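This report describes selected local features of one protein chain. Please look over the sequence and the structure before reading on.

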Amino acid sequence: MDTAAFNIYAKQLISKKHGYALWLPEPTKFGEVHIGDVGYFRDGGFYKLFNATVPEDAQQKWGVPEGYTPFRISEYLLNETRNVIPVSLVSNSVTSYDVGGGVATSLQVVGGELKFSCKQEQGAFVFVQPAADRRQMHPSKSLIRYIRSHIDDWYHFATDVKDVDISREDISFVSGVIKTADWGLGAFLRQGSGGEVSFQTNLGSFAQGSFTFSRSRKAEGVAEWRTKPEEASNSPVSSSASVAETLVEPGSSLTLKRTQTGPKKDQCIFLSYYKMKRRLWRNRVVKAAAGDDERDSEFDSDGDEDIANESDDLEGPFEEPATETPFDPVNYLLDYILDYKLEDGSQVDTAVAGIDHLYALFDDEFPDDIPAALEKLRPPILFIEDGVAALACAEWAEELDDNNKGISGADQVARKDPPLDASISGDADNFGGDHPSDPSTSASEDNPSGKARAAGTYQVVTLTEHTGGTTCAAWSPDGRYILTASEDHTIALRDGTSGELIQMLTEHPECIWSVKFSPDGKKFASIGNEASAFIWDVEAREISARLVGHTGTVDSVDFSPDGAKVVTASVDGSVCVWDVATGARLHDWRHASVAMHATFSPNGIYVASCSSDSQALIHDAETGALLHTLTEHSGLIWTIAFDSASERVVTASDDATAIVWKVDTGEALIFLSQHSGPVWAASFSPNGKWVLTASNDGTVKLWDSWTGEAARTWELNDPVTQCVVFSPDSKYVAAGGGDHDVLVWNAATGESLPRMRGHTDKIMHLVFSPTSDKILSCSDDGTVRLWTLPEGY
């Protein structure tokens, strides 16, 4: 069992699919971590040797390898995603909740304190301020050629010039980073059984080391934690005894930039990386996918020296003996590829792998024992260059031409994405996915979980005009137009049938979060990362009114049924009702904290709003008078929605419940409480029969809206469900999130349609066409996909 804090921390957070968790996020004397850095891991930190994208004359005093040639990354391959970790991230074994009455949201930190508790043997957590951003380089075969050509020079530079004692396989190339400005992190180790150990911290003072550590009487619990050190100092780690106690390297030729406000985000809490390993033939016993007990004992997992086994009698927790091997999940992939036996009995000479390949391979559930999971799954490998092999699930498998052969046996592994408008199988990209092997499998009373049938095809069009992650989309009520919007500050007006671009609208100064058509389709509203909202004339394709009055970011907008008014909600706590024609503010009221969402009732009589203060309000839309305050929740309320009859509302909360309320009395009718984590979304089906909820417990649930009975539960591959939506005819439910796929189910039967695969980053927004036969999916990969649903479901 691991006893070093940095190993426990990295291993416990690897399943969160953000990359390798650094125990030492702060910049070293070599500077902060950047994409293109070449270096090595040591005791939970990453130490840069040099940056491979920077010209030699810009490398300053640390130098570069002999014969150095910088690698030029295509601008297209560099992408950024904001707020990937809004406040905190915990391992599956840790529970996180607020303890001071305040709430942490993805928009901002709102007072209070956080508590992290662990009842299992090990656990880890990290919290950030402000929200952490990801910068990622998409896969590139030219990078693999570059690494292969220069790895020897890098190794000699490290060992001979810099006198660093590392192996060739220790050298890593950084392909992605997640950074914040301030942070706190910790790891748990418990001994014995029962009880729990906990941390508590004030959200506003990370750097002050404001941790409180405690344990129950049953727990022989210990823990270690760190906060961002004081500037220009290397603060020692704090620990408990057994009792309770610019996007790229400066000087790079790359030009990807953004304007950053607030504190500089130079603290790297996660990174993604590539490594390469060659076969060592010195008396090596060649065995295919040998287990730990079958490998030649002369070599360790890196093929170099003996490494002592972990001792069973280590005295004291969190001792960090020199013999404890650093956790590096990519090494498991490299060893698997090199041990893979081809049809003729031979094995490959060189393996390349990245941490993201693990996430592509284990997209359903990340294993605790990676080598055992690889042995059980036996994924195929393929050549990506002469003599260089990777897993067949690696992203560049999609780039291979027809002459590249997979080496999984008789089957060809290389594949290509279909052309635009091509008919593609719903499970074409499924490597070890969840489709049954029998294509005749169909929905029945015996199949309520909705396993996908192999039948059915999708027509898909990929829309690529945006240059940043796509955040939202809307269909006009008559189906004539489509709107898509992006982090690149643009809105695209498109043909509602083909998706063809009509005009790009560029008036927004910031990232756009939501677009919504008026009921007659003649106008639309847009909001972004700013304190105002815009009303647009569709035919004139220009702004007709600017709604100015909030003092914080507007995070919700909705039209009244007659299209004459809109309501907006803001992080400043205010909710405003506006006249669409003039832009005049008609009514406003204020929540005690962030106003998360506001919406009109379908009959236009009411406005409902909710807040991070755990309350929801119902107002008279005509007069602005407060009618009811809904107070049953004990956590942040993410959203509120009316039923089609305007008689009920449903709220979704961080307290792991959704509640159905009676509008005219404010009475709580039904408590939907079977989720085990925060409920992010809740809505009624258009026919009013069902309530749909999504939670970070990894499930989407369908409930009878009148009885509260849970009719369906769908398990997801990833707990990060960004969006879930009903089709207008109430027939389908669609969901999307962190696993990059769009999932669709038949609401009546529970049957799952084939997965919609093709996006390469998380799904941010989904919307059905007015006819319920098409779906728009927006993704952080910068594309929008227009899917036509297959028949027969």
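Contact here means heavy atoms within 4.5 Å. The structure is a predicted model.

Tyr606 is part of strand β37, which covers residues 606-611. With a relative accessibility of 15%, Tyr606 counts as buried, because the cut-off for that class is under 20% relative accessible area. Setting aside residues up to four places away in sequence, Tyr606 touches Thr599, Phe600, Ser601, Ile618, His619, Ala621, Leu627, Phe642, Ser646 and Val663.

One of these partners, Ser646, is 40 residues from Tyr606 in sequence, and the two C-alpha atoms are 8.2 Å apart in space.

## Ser646

Apart from residues up to four places away in sequence, Ser646 touches Ser601, Pro602, Asn603, Tyr606 and Val663. With Asn603 there is also a polar approach: a polar atom of the Ser646 side chain lies 3.0 Å from the backbone nitrogen of Asn603. Ser646 and Lys662 are 16 residues apart along the chain, and their C-alpha atoms are separated by 9.4 Å.

## Ala533 in strand β30

Ala533 belongs to strand β30, residues 532-537. Ala533 is buried, its relative accessible area being 2%. Leaving out neighbours within four places in sequence, the residues in contact with Ala533 are Ser526, Ile527, Ala545, Arg546, Leu547 and Thr568.

Val548 is 15 residues away from Ala533 in sequence, with 7.0 Å between the two C-alpha atoms.

The buried residues are Ala5, Phe6, Asn7, Ile8, Tyr9, Ala10, Gln12 and Leu13.

The loop between α1 (5-13) and β1 (20-21) contains Ser15. Ser15 counts as buried at 18% relative accessibility, and beyond residues up to four places away in sequence it touches Asn92 and Phe366. Lys17 is placed in the loop between α1 and β1 as well. At 17% relative accessibility, Lys17 counts as buried.

## Helix α5

Helix α5 spans residues 370-377, and Ile370, Ala373 and Leu374 in this helix are buried. Why do they lie on the same side of α5? They cover an arc of only 100° around the axis, which puts them on that same side. An α-helix has 3.6 residues a turn, so residues three or four places apart point the same way. The buried residues of α5 pack against α3 (329-339) and α4 (355-361).

Both ends of α5 have a local feature. At the start, a side-chain oxygen of Asp369 comes to within 3.1 Å of the backbone nitrogen of Ala372. Just after the helix, Arg378 takes a positive phi of about 50°.

## The crossing of α3 and α5

Two packed helices are described by the angle between their axes and the distance between the axes. For α3 and α5, the axes come within 10 Å and cross at roughly 35°. The crossing of α3 past α5 is right-handed.

Which residues of α3 meet α5? From α3 they are Pro329, Tyr332, Leu333 and Tyr336, and they meet Ile370, Pro371 and Leu374 in α5. The residues of this contact divide into seven nonpolar, no polar and no charged.

## Backbone exceptions

Most residues other than glycine have a negative phi, and most peptide bonds are trans. Lys17 is not a glycine, yet has a positive phi of about 65°. His489, also not a glycine, has a positive phi of about 80°. His489 lies in the loop between β25 (481-486) and β26 (491-495) and is partly exposed, with a relative accessible area of 30%.

The peptide bond from Gln129 to Pro130 is cis, its omega being near -5°. Pro130 is found in the loop that runs between β10 (122-129) and β11 (132-137).

Notes
Residues numbered from 1 in each chain as written. Predicted model: local features only at pLDDT ≥ 70, side-chain atom pairs only at ≥ 80, totals over all residues. Heavy atoms only, no water. Buried < 20%, exposed > 50% of the residue type's maximum accessible area, 1.4 Å probe, protein only. Helix = DSSP H or I, 4+ residues; strand = E, 2+ residues; numbered from the N terminus. Arc of directions from axis to C-beta. Polar contact = N/O pair within 3.5 Å; in protein donor to acceptor, adjacent residues only side chain to side chain. Axes fitted to C-alpha atoms, helices over the stretch in contact; angles between N-to-C directions. Left-handed = near helix turned anticlockwise from the far one by under 90°. Nonpolar A, V, L, I, M, F, W, Y, C, P; charged D, E, K, R; others polar.
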